[in-house]
Amino acid sequence: PSTPGLHETNAVVERCNQEVESDIRVALHDAGLPVCFWTFAAPLVCHLWNVELFEEPTGEVTSRWFARHGEDFPGMVLPLGCGVYFYHAPTRDEARVSKAVPRLRFGIFLCYRLAFGGSWNGEYLVSPIEVFANKDLSQKARSGPWWHIPHVTRTLRDG
């Protein structure tokens with residue numbers, strides 16, 4: 001942390017901000033998502049930093065998540081935009097056409113839904129793949145009328 005009034009300490013904070021911004025750009029590029037998805041990329045990048053394992057000077061392997069919560073992160077560690085199958089709540093959109101329709105839908109992973117205090121209750125944010133059909137996904141795309149609220153799910157399978 002920087003010390004108020006000492007400009008010498010600001011460089012550490014500014015360098016950290018540069019690294020976060022750089023990782024956000026890389027995550028968006030790798031996922032093939034436009035810049036308007038930064039609202040999902042930013043918290044995801046920070047969360048992935050927290051669950052990343054590193055070696056302490058003592059030789060112990062740990063993570064920032066473990067230091068705070070006393071356990072390893074229990075969820076799947078996923079990159080932004082990866083394909084996943086998720087449980088689609090039938091009350092979310094249209095009613096189910098048939099009971100034979102698969103319960104899992106294909107979509108893309110956007111982020112983890114963290115609770116207050118940074119704890120995690122097992123919820124992921126995903127978007128069905130059909131939401132992106134015929135939409136402008138260029139880097140300069142803006143969120144518009146097609147923008148939607150992502151699905152919240154606890155059931156997720158790697159796509």
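Colleague: How do you know that Arg-105 forms a salt bridge with Glu-130?

Modeller: The closest N and O atoms of Arg-105 and Glu-130 are 1.9 Å apart. A salt bridge requires a side-chain nitrogen of Lys or Arg within 4 Å of a carboxyl oxygen of Asp or Glu, so the pair qualifies. This is a predicted model, in which local features need pLDDT of at least 70 and side-chain atom pairs count only at pLDDT 80 or more, while totals for chains, interfaces and linings use all residues. Residues are numbered from 1 along each chain as its sequence is written, and side-chain values use heavy atoms, leaving out hydrogens and water.

Colleague: Why is Arg-105 called buried?

Modeller: Buried means under 20% relative accessible area, exposed over 50%, and partly exposed in between (1.4 Å probe, protein chains only). Arg-105 has 19% and is therefore buried. Glu-130, at 41%, is therefore partly exposed.

Colleague: What makes Arg-113, Glu-123 and Arg-154 a network?

Modeller: Salt bridges link these residues. The side chain of Glu-123 meets that of Arg-113 at 3.3 Å, N to O, and that of Arg-154 at 3.8 Å, N to O.

Colleague: Which of the terms buried, partly exposed or exposed applies to Glu-123, to Arg-113 and to Arg-154?

Modeller: Glu-123 is buried at 14% relative accessible area, Arg-113 is partly exposed at 39%, and Arg-154 is exposed at 54%.
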